[in-house]
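User: Hi! I am new to protein structures and would like to learn how to read one. Could you walk me through it, feature by feature?

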Amino acid sequence: MKQTASIISTYSADIFGVCSALFELGGMIVMHDPSGCNSTYTTHDEPRWYDMDSMLYISGLTEIDAIMGNDAKLVHDVAETALEQQPAFIVLAGSPIPMMVGTDFPALAALIEQKTHIPSIGLPTNSMHSYVRGISLAFEALAKRLVNPIPTPSLEKHAKHASTRVNIIGLTPLDFSSNGSDASIRQWLTSEGFVINSTWAMGSGLEDIRHAGTADVNLVVTYGGLAAARMLQQRFQTPYVIGTPIGSMQKILGNALLQAAATGECISPCTASRSKNTNIPKITIIGESVCSISLAAAVTSATNTGVQVLCPLETEPKLLGPADHLAQDETDIIPYLQRAEIIIADPMYEPICPQNAHFVRLPHEGFSGRLYRKEIPDLIKDFTIFKDKEL
Amino acid sequence: MLKRINGRPAAGSACVKFKNAEFPEPFPTGLEYSSPARGTWNIVHTGMLVPDSHQIYVCAAGCLRGVVLTAAEMGEMRRFSTIAVRENNILQGDMETLLINGVTDILNRLPVHPRAVFIFTACMHHFMGCDLPPAYAELRKRFPHIAFADCYMDPIMRKSGLTADQSCRKQIYSFLQPQELEPHAINLIGNDLPTLETSELTQLVRQVDWTLRDITRCHTYSEYQSLAKASLNIYYNPAAKPAIKALEERLGQKSLYVPLSYNYEEIAAALQNLAHALGLPPPNYNTHIAQCEGALQKAKALIGTTPIALDYTLTFRPLSLARLLLAHGFNLISLYADTISPEEKHDFYFLQAHHPGLLLYSTKHPNMRLTERQHSEKLLALGQKAAYFTGTNFFVNLVETGGLYGFDGIIRLAGLMCDAFTTAKDTKTLIQMKGWGCTSCL
């Protein structure tokens, strides 16, 4: 039956994706929730919680306030704390009960902004979607509200620059943990001669992100970054390239970034790079769409083996290859695993994998939280080590 | 805007002197912060105390996330399953069908059926007015050999009735089937951690050779069912009151509250009540009190005037412990607690009158996120939250009393304070572990 998980984990939720995306930017994020969301997110999904003082709170919604529609309390409490703590911006994110009682988050955000004169955003999360949607909503809102306008984007884009300027969009610990992968992406781009304009949102402050409109091209490293890239394209005509720089994808993405910057064309090269291999998939990868198709492309290139991707998270089917599948629930996934010889997935998938398949542990913080954090490899830097050891 | 001290904001309204604090809610309600100290048990940990049981949670993904990973970190995923509620279920109003079919699907896919199943529904079920009793009736019909218990992960109701913790603590005894009561059998009810054998409470029961049972020591479902044989239930965790009441009504087991305390007279009175129930003459604890005094003097000699901070996760009676420490000359400078329990009302007013300058800090006020968490001199913390908020590596790492009770508990706590004072701990690693005393895969 769909919606049941007899033994596997649950992906982090949209409300936590919002928190993870915005964690480092100096804003105040308020989860409109009774209790529990805060400790869940900060325990399992947020490796930066102990050492980085992000202003992330819950509203402590009560039964009586929900029933009586007492939104004034939320507005008061948020405004009061914001005026004391002076965040750079405020984001409200919802949980199931606010959705059920029809809480109008954009309207509440507007009220809070009136009271505090701090940019405020309401996001329609409800804890029933995956973290990918939350990241997407948060970054899209940043791109829409907080990136500074450029008076004449077309002139800015055609001005001579020594190097191509890139925004990296879609970086959170939920997909890349805190193992240095974000730094590896920056290092790779720099070594290829690109200039990092901003990193959404690990290792960049809000000031970098405010100037994201000046970039020549955006690199979308997870699906959570795509909506923001499209918003930046709409606002600044900045093209984007979709892919995570793993193994052979580094060269392909480097070329694609230059091509996109030169032509204004948006490029998603992962699927094309895999299409040359028509072997029956022997390897199955389960995970976030952009990371997984990029890893699939790298594995295919390195081993000449067919790879299928199972994506249990929100994405767009056109990003996936012909052998790939969307499969959200435990019972959706199990049939696709039956003929796999090698399965690359988070360890919490192992109990539903056939015993005769070779299981390659690739922990994913968005699925197993902090449980296997120490095992998560930096595939940007160490793909070859991973491939030689595991495949 | 918050006033800054040494570059970080002051605690502001997150801190109040006892003389200005109000009982039982010393702090204004508002946004809430959650510190990284995670040693206290949650409903998953507590539910796992029932041997051969399985937990099924029916909620939104965000609510499932914390509980599923609690079970995973315990290494107990084989005893844990989930049913994800999605928007279509809210819109279509098929929550009862989802529960019945989801539980059926999960049970049919388990390699072995458990003896007992906890089903945790959520805030959404309350708000939708779900008719859950017929759903449970259908499940009992489909699986007559399995016992089902309705449990709740409904924090939105935390101020409207039983908290999820109280409810779970009650339901872990709901599988007990009525049995003939044994006159010389006694249960210790409501704790997550076993009470030490060396405590006077345990020793009294051993003295009369009665059978003492505790869910924390049950390894099989059969042992668990033996809890139904006790004629008397004793408890010292205040959160166990609903469980005690339910057992009294359902199984006819009498109850006795033997309050945890750090006041010698109160401890002696509780133990004398227990002795009376056991048919013993009132015990004399002068020797024990002298031993406590010796242990506390030894600790004081070592710790001297070093500042001490204490938090509510260490014990059910932090204010009582504060009084004991202050009475023995320890330099207790701060106490971390968000509310004051009714059991501590008397202690609260005593501290207000006699130690008006003692600082009371909230642990979840938003200002606690940004305020200074370092102390300029060595500080001893009692409890994980106190250790976190003061930035010390010298702390007593216990939650929920850690099984310490009575005079023996005081003596052992004094010893732990000495150990903590002399040996630094890895605070960051230790306090982030969930469920102190549980198995952890981290």
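**Reading the structure step by step**

Analyst: Happy to! Taken over C-alpha atoms, the centres of domain 2 of chain A and domain 3 of chain A are separated by 24 Å. Keep in mind as we go that this is a predicted model.

User: Which stretches of chain A make up its domains?

Analyst: The domain assignment of chain A gives 14-129 as domain 1, 153-269 as domain 2 and 271-390 as domain 3. Where domain 2 of chain A and domain 3 of chain A meet, each gives 25 residues to the contact. On the domain 2 side, helix H9 (173-176), helix H10 (181-191) and helix H13 (249-263) of chain A each supply at least two residues. H10(A) gives the most to that side, with 4 residues.

User: What classes of residue does that side of domain 2 of chain A have?

Analyst: The side of domain 2 of chain A that touches domain 3 of chain A has 13 nonpolar, 11 polar and 1 charged residues.

User: How many bridges link strand E8 of chain A to E9(A), and how many link strand E6 of chain A to E8(A)?

Analyst: Strand E8 (residues 217-220) of chain A pairs with E9(A) over 3 bridges, in the parallel sense. Strand E6 (residues 165-169) of chain A and E8(A) also pair in the parallel sense, over 4 bridges. You can look for the residues that stand opposite one another: A:Val166 faces A:Val217 in E8(A), A:Asn218 stands opposite A:Tyr240 in E9(A), and A:Leu219 stands opposite A:Val241 in E9(A).

User: Which way do the side chains of E8(A) point?

Analyst: The general idea is that side chains in a regular strand alternate between the two faces of the sheet. In E8(A), A:Val217 and A:Leu219 point one way, while A:Asn218 and A:Val220 point the other way, and all are buried.

User: What is the strand order of the open sheet of 6 strands in chain B?

Analyst: The order is E3-E14-E13-E12-E15-E16 (chain B), and the pairing is mixed. At the edges stand strand E3 (15-17) and strand E16 (395-396) of chain B; each has a single partner strand, so one side of each is left without a neighbour in the sheet. Inside this order, strand E13 (residues 331-336) of chain B runs parallel to strand E14 (residues 359-361) of chain B, joined by 3 bridges. The bridge partner of B:Leu335 in E14(B) is B:Leu360.

User: And helices? At what angle do helix H7 and helix H10 of chain B pack?

Analyst: For a helix pair, look at the angle, the distance between axes and the residues in contact. Helix H7 (residues 164-171) of chain B and helix H10 (residues 241-251) of chain B pack at about 35 degrees, with their axes 7 Å apart. The crossing of H7(B) past H10(B) is right-handed. H7(B) makes the contact with B:Gln166, B:Arg169 and B:Lys170, and H10(B) with B:Pro242, B:Ala243 and B:Ala246.

User: How many residues of chain B are in contact with chain A?

Analyst: 56 residues of chain B touch 54 residues of chain A. H2(B) provides the largest share of the chain B side, 10 residues. By class, that side of chain B has 30 nonpolar, 12 polar and 14 charged residues. Strand pairing also links the chains: strand E1 (residues 4-5) of chain A runs antiparallel to E5(B), with 2 bridges. There, A:Ala5 has B:Thr82 as its bridge partner in E5(B).

Methods: Residues numbered from 1 in each chain as written. Chains lettered and ligands numbered in written order. Predicted model: local features only at pLDDT ≥ 70, side-chain atom pairs only at ≥ 80, totals over all residues. Contact = placed C-beta atoms within 7 Å. Nonpolar A, V, L, I, M, F, W, Y, C, P; charged D, E, K, R; others polar. Pairing = 2+ DSSP bridges. Axes fitted to C-alpha atoms, helices over the stretch in contact; angles between N-to-C directions. Left-handed = near helix turned anticlockwise from the far one by under 90°. Domains from an automatic or database assignment. Buried ≥ 20, exposed ≤ 12 C-beta atoms within 10 Å, placed from the backbone.
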